[in-house]
Amino acid sequence: MASPKPETLAAFEAAKGFMPVREGLALYEAAAEAATLGLPLLEVGTYCGRSTILLADAAREAGLSAITVDHHRGSEEQQPGWEYHDPTVVDPEVGLMDTLPTFRRTLHKAGLEEHVIAIVGRSPRVAAAWGGPLGLVFIDGGHTDEHATADYEGWAPHVAPGGTLVIHDVFPDPADGGQAPYRIYLRALASGAFEEVSVTDSLRVLRRTGTGI
């Protein structure tokens with residue numbers, strides 16, 4: 001089982017974000033395995049870079065790049081008045097969330113800046129412009145059906161044969177959380193293009209075994 005360096009794990013735990021350590025370790029293991037394909041590792045939904053640290057470390061070990069896609073204005077549940085809103089990441093000049101500066105500081109502190117390519121933009125637009133195969137796609141963006149479905153339809157086609165699709169915040173029980181990630185997870189399994197590799201709390205790791213989505 002691949003594990004991050006102690007200093008990488010410490011940086012992950014110190015970073016602003018929501019992913020628990022158990023899920024982070026499972027993500028790192030999936031990323032390290034996917035990196036053996038020699039293709040980039042891509043994350044949809046960066047926030048402040050907590051999970052990016054793990055992808056970047058796995059990419060660094062394999063001589064690859066980790067790519068993150070986020071508009072950095074926060075997802076629905078992170079807006080003012082919602083449960084996960086953090087006023088410290090609001091740009092006082094424009095009055096909107098801007099997690100990009102915090103994200104950059106996170107990578108700088110972890111010593112991982114040169115191993116990450118950060119794309120600032122809306123996921124569907126970036127996916128439409130993306131042209132190459134990916135060793136891993138980690139979907140952890142907006143949690144509405146509209147956004148989760150767009151992330152899946154935009155990025156799952158780019159997962160290479162034998163590549164890895166990881167979906168976060170998968171909650172079969174509605175009492176535990178929103179259902180949009182769960183629905184795209186079920187869709188991936190029903191497609192026949194992906195098989196489940198592991199389950200760690202709300203993190204699902206799938207591998208491409210066929211064509212389509």
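Visitor: In this predicted model, which helix does α2 pass in a right-handed crossing, with residues such as G24 and L27 taking part in the contact?

Guide: The crossing of α2 is right-handed, and the helix that α2 passes in this way is α3. On the α2 side the contact includes G24, L27 and Y28, and these meet residues among which are S51, L54 and L55, all three of them belonging to α3.

Visitor: How many nonpolar residues does the contact of α2 with α3 have?

Guide: In α2 the contact involves G24, L27, Y28, A31 and A32, while α3 contributes S51, L54, L55, D57, A58 and E61. Sorted by class, two of the residues in this contact are polar and two are charged, and the number of nonpolar residues is seven.

Visitor: How is α1 oriented to α2, oblique or roughly antiparallel?

Guide: Helix α1, residues 6-14, packs with α2 at an angle of about 135°, their axes being 11 Å apart. Since only angles over 145 degrees count as roughly antiparallel, the orientation of α1 to α2 is oblique.

Visitor: Which residues of α2 make the contact with α1?

Guide: The crossing of α1 past α2 is right-handed, and α1 brings L9, F12 and E13 to the contact. By class, the residues of this contact divide into four nonpolar, one polar and one charged. From α2 the partners are V21, G24 and L25.

Visitor: Which element supplies the largest share of the lining of the second largest pocket?

Guide: The second largest pocket holds about 170 Å³ of space, and of its 13 lining residues the closest to the centre are A26, E29, A30, E33 and V197. At least two lining residues each come from α2 (21-34), β8 (194-200) and β9 (203-208). The largest share, five residues, is supplied by α2.

Visitor: How many charged residues does the contact of α6 with α7 have?

Guide: Helix α6 (residues 145-155) and helix α7 (residues 180-190) pack at an angle of about 35°, with 8 Å between their axes, and α6 passes α7 in a right-handed crossing. The contact is formed by residues including D145 and E153 of α6 and R183 and R187 of α7. By class there are six nonpolar residues and one polar residue, and the number of charged residues is four.

Key: Residues are numbered from 1 along each chain as its sequence is written. This is a predicted model: local features need pLDDT of at least 70, side-chain atom pairs count only at pLDDT 80 or more; totals for chains, interfaces and linings use all residues. Side-chain values use heavy atoms; hydrogens and water are left out. On a 1 Å grid over the protein atoms alone, a cavity is a set of points where a 1.4 Å probe fits but cannot get out, and a pocket is an open set with protein on both sides within 12 Å along at least five of seven lines; lining residues have an atom within 4 Å of a point. Grid points are joined across faces, edges and corners, and a volume is the space filled by probe spheres set on the points. Helices (H or I, at least four residues) and strands (E, at least two) are DSSP runs, numbered from the N terminus. A crossing is left-handed if the near helix is turned anticlockwise from the far one by less than a right angle, and right-handed if clockwise. Contact means heavy atoms within 4.5 Å. Ala, Val, Leu, Ile, Met, Phe, Trp, Tyr, Cys and Pro count as nonpolar, Asp, Glu, Lys and Arg as charged, and the others, Gly among them, as polar. Axes are lines fitted to C-alpha atoms, for helices over the stretch in contact, and angles run from 0 to 180 degrees between N-to-C directions. Angles under 35 degrees count as roughly parallel, over 145 as roughly antiparallel, 65 to 115 as roughly perpendicular and the rest as oblique.
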